[in-house]
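The sequence and structure are shown first.

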Amino acid sequence: IYYDGFEQGTFPDDPEWSTKGDGVWAPTTERANSGVYSIKSPDLSNEDMTPLIANVTLNTNPVWGDGTLVFSILAGVSMPFDDLLYYVDGQMRGQFTEKTYFESQQIQLGPGPHEIVFSYRYNPVGLGVFPPESPDRIGAVYIDDVYFLPSGVTIAPAGPPASSIPGTASPTVSASPTLKLEEPTSSVVPTPVSSPSTVAPTSIPPGAIYYDGFEQGTFPDDP
């Protein structure tokens, strides 16, 4: 029904997305689960260590029935420096932290409209001095490959629906209620076993009636 991999670079102008707070989320090419783009939380670090928040919100289509919202997230954050909470219709549903790679996550949704908020928080407990920082901390959150699947459709573990157009097209679904994520077929044409050469000769071939390799530099004065 819905898929957005942010490849069109239209975020946050898409009608279903919005971002606000002490900073705004933005498209980036730094990291992506698939394709080139994902969306990234802003850098909220400041010398005063003031706690700051930046939210990105997805409002689902009110005509959707019940189903599963799937998204890939890289939460390169670590307490007490920063963290990522997510909310569904105003209720906190979970926290993501201390990751160095994308993970696929799911949120079960009932029918009708829903508001999903991803909230990036800098210095959430208001410390005056931070402890030594982990070398694995990225200090940002990346979200990619967001899609909604109706109830009864299961998700193949291989990855996101590769054939969908962001925001419009649906993932490819087989006749049974299983989302099939097909491997792309090779576009490389095999080289024929034998084919006649089309390379021009480097010298006058024996028996040739006419040959011009333009080596005498007389073109276009040749008759």
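In which sense do β5 and β10 pair, and over how many bridges? The two strands pair in the antiparallel sense, over eight bridges. The model discussed here is predicted.

## Sheet arrangement

β5 and β10 belong to an open sheet of five strands, in the order β2-β5-β10-β7-β8, with antiparallel pairing. At its edges lie β2 (17-21) and β8 (91-96), each of which pairs on one side only. From one strand to the next, the twist averages 20 degrees.

Strands of a sheet pair through backbone hydrogen bonds. Within this model, Asn59 stands opposite Glu115 in β10.

## Nonpolar cores

The largest nonpolar core comprises 32 residues, and Trp17, Trp25, Ile143 and Val146 have the most contacts inside it. Two or more residues of this core come from each of β5 (52-59), β6 (67-76), β7 (82-88), β9 (103-109), β10 (115-122) and β11 (140-150). A second, separate core has five residues, including Tyr3, Tyr147, Leu149 and Val153.

Beyond four places in sequence, the residues that Trp17 touches include Tyr2, Phe6, Phe11, Pro12, Ile39, Val56, Leu58 and Val146. Asp4 and Thr57 are also among the contacts of Trp17.

## The setting of Ser38

Ser38 lies in strand β4 (residues 38-40). Ser38 counts as buried because its relative accessible area is 0%, and the cut-off for that term is under 20%. The side chain of Ser38 reaches the backbone oxygen of Arg31 at 2.6 Å.

Leaving aside residues up to four places away in sequence, Ser38 touches Phe6, Ala26, Pro27, Thr28, Arg31, Ala32, Tyr142, Ile143 and Asp144.

Note on methods: Residues are numbered from 1 along each chain as its sequence is written. This is a predicted model: local features need pLDDT of at least 70, side-chain atom pairs count only at pLDDT 80 or more; totals for chains, interfaces and linings use all residues. Side-chain values use heavy atoms; hydrogens and water are left out. A nonpolar core is a set of buried Ala, Val, Leu, Ile, Met, Phe, Trp, Tyr and Cys residues joined through side-chain atoms within 4.5 Å. Buried means under 20% relative accessible area, exposed over 50%, partly exposed in between (1.4 Å probe, protein chains only). Helices (H or I, at least four residues) and strands (E, at least two) are DSSP runs, numbered from the N terminus. Contact means heavy atoms within 4.5 Å. Two strands pair if DSSP finds at least two bridges between them. Axes are lines fitted to C-alpha atoms, for helices over the stretch in contact, and angles run from 0 to 180 degrees between N-to-C directions. A polar contact is a pair of N or O atoms within 3.5 Å; within protein, one must be able to donate a hydrogen and the other to accept it, and residues adjacent in sequence count only if both atoms are side-chain atoms.
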